[in-house]
Amino acid sequence: MEFWFSELHSPHVKFDIRVEKQLFSGESDYQRIDVFQSPEFGKFLTLNGSVIFSEQDCFIYNEMVVHVPMSVHPDVRNVLIVGGGDGGVSMELLQYDNIERIDIVEQDDMFVDVCKEYFPQTAAGLDDDRVHIYNSDALRFLRSKKDMYDLIINDATDPFGASEGLFTREFYGNCFKALKEDGILVYQHGSPFYDEDEEACRTMHKKVFHTFPISRVYQAHIPTSPSGYWLFGFASKKYHPLTDFKPLEWKKRKIHTEYYTTNLHTGAFMLPKYVEDLLEQEEKR
């Protein structure tokens with residue numbers, strides 16, 4: 001008998017992964033957490049029935065939220081990761097010697113514990129002396145922060161449930177205050193392909209566009225995301241992701257990647273026409 005994990009990407013589209021066994025299932029104070037073993041994606045983790053990351057494709061997401069801003073900002077020293085309790089984003093950041101401190105705000109301590117047990121290679125990104133984990137509500141955490149961070153990465157899962165407050169205008173405004181005068185915010189922008197997801201993309205872009213002087217969107221192919229297509233937001237007080245991009249300086253760092261390249265960096269901001277159209281419509285509202 002075969003065992004399949006199924007996730008509805010729309011009322012008419014189902015994404016299935018053949019599963020060898022279920023490794024963990026638990027209910028935290030915030031969400032249901034499940035871990036599965038599969039022949040195609042290795043181990044993968046789901047929250048409330050949605051795939052969050054897998055061993056096979058998590059490198060794409062982690063590299064794109066880290067190396068895009070790190071190749072633009074000339075001197076990132078202090079970083080805040082909102083979410084990030086799996087350690088994947090911090091693992092990428094720790095390749096940069098100039099980073100002095102990484103604050104991770106992850107309110108679900110069960111999520112951290114599960115990742116440490118079942119994804120130890122990724123969770124190793126939590127063990128460095130430069131990494132400080134706060135078991136706190138990120139919106140509350142940010143309210144008291146001002147002019148502290150060079151880079152904020154919003155690694156929250158989606159604009160629903162426990163993470164809903166991390167996609168509001170108040171949240172983006174607090175990020176703006178917490179960033180230094182040349183700070184950058186990178187955040188999940190979702191998948192725009194299905195009608196069910198398009199509105200969240202529109203709303204997010206409108207809020208950020210009216211909060212930051214520079215706001216651009218870029219893309220990546222992530223197989224386990226809805227339609228295999230994912231967007232990220234780049235919001236900045238000073239630096240533009242293309243005109244201030246420094247590919248030669250970044251290459252000198254000798255950072256190891258499996259997805260990100262400096263050529264890909266430029267191409268990631270060249271969006272399909274239908275995505276450009278929906279973003280431009282929100283910018284005019």
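## A tour from core to surface

Start with the largest nonpolar core, which has 39 residues; select Leu93, Ile102, Leu151, Tyr218 and Phe232, those with the most contacts inside it. A nonpolar core here is a set of buried Ala, Val, Leu, Ile, Met, Phe, Trp, Tyr and Cys residues joined through side-chain atoms within 4.5 Å. Buried means under 20% relative accessible area, exposed over 50%, partly exposed in between (1.4 Å probe, protein chains only).

This is a predicted model: local features need pLDDT of at least 70, side-chain atom pairs count only at pLDDT 80 or more, and totals for chains, interfaces and linings use all residues. Residues are numbered from 1 along each chain as its sequence is written, and side-chain values use heavy atoms, without hydrogens and water.

At least two core residues each come from H1, strand E7 (78-83), H2, strand E8 (101-105), strand E10 (149-155), strand E11 (179-190), strand E12 (214-221) and strand E13 (229-236). H1 gives the most, seven residues. Helices (H or I, at least four residues) and strands (E, at least two) are DSSP runs, numbered from the N terminus.

**Zoom in on Leu93.** Leaving out residues up to four places away in sequence, Leu93 touches Val66, Met70, Val79, Ile81, Ile99, Ile102, Leu151 and Ile153. Contact means heavy atoms within 4.5 Å. Next, pick Leu139, Phe171, Tyr172 and Tyr187: they are included in a second, separate core of 20 residues.

**Move to the second largest pocket.** About 430 Å³ of space lies there. Of its 21 lining residues, select Cys58, Phe59, Met91, Gln121 and Thr122, the closest to its centre. On a 1 Å grid over the protein atoms alone, a pocket is an open set of points where a 1.4 Å probe fits, with protein on both sides within 12 Å along at least five of seven lines; lining residues have an atom within 4 Å of a point. Grid points are joined across faces, edges and corners, and the volume is the space filled by probe spheres set on them.

Strand E6 (50-54), helix H1 (58-70), helix H2 (88-93) and helix H4 (120-123) each supply at least two lining residues. H1 has the largest share, four residues. By class, the lining has seven nonpolar, nine polar and five charged residues. Ala, Val, Leu, Ile, Met, Phe, Trp, Tyr, Cys and Pro count as nonpolar, Asp, Glu, Lys and Arg as charged, and the others, Gly among them, as polar.

**Turn on the charged side chains.** The whole structure has eleven salt bridges. Each is a side-chain nitrogen of Lys or Arg within 4 Å of a carboxyl oxygen of Asp or Glu.

- Select Lys43 and Glu55: their salt bridge is 3.9 Å, N to O. Lys43 sits in strand E5 (residues 42-47), and Glu55 in the loop between E6 and H1, twelve residues apart. Lys43 is buried at 18% relative accessible area; Glu55 is partly exposed at 39%.
- Select Lys273 and Asp277: their N to O distance is 3.0 Å. Both lie in helix H10 (residues 273-283), four residues apart, about one turn of the helix. Lys273 is exposed at 55%, while Asp277 is partly exposed at 26%.
- Select Asp75, Arg77 and Glu100: salt bridges that share partners join them into one network. The closest N and O atoms of Asp75 and Arg77 are 3.0 Å apart.

**Finish at His256.** Find it in the loop between helix H8 (247-252) and helix H9 (262-268). His256 is exposed, with a relative accessible area of 52%. Beyond residues up to four places away in sequence, His256 touches His67, Glu92 and Gln95.
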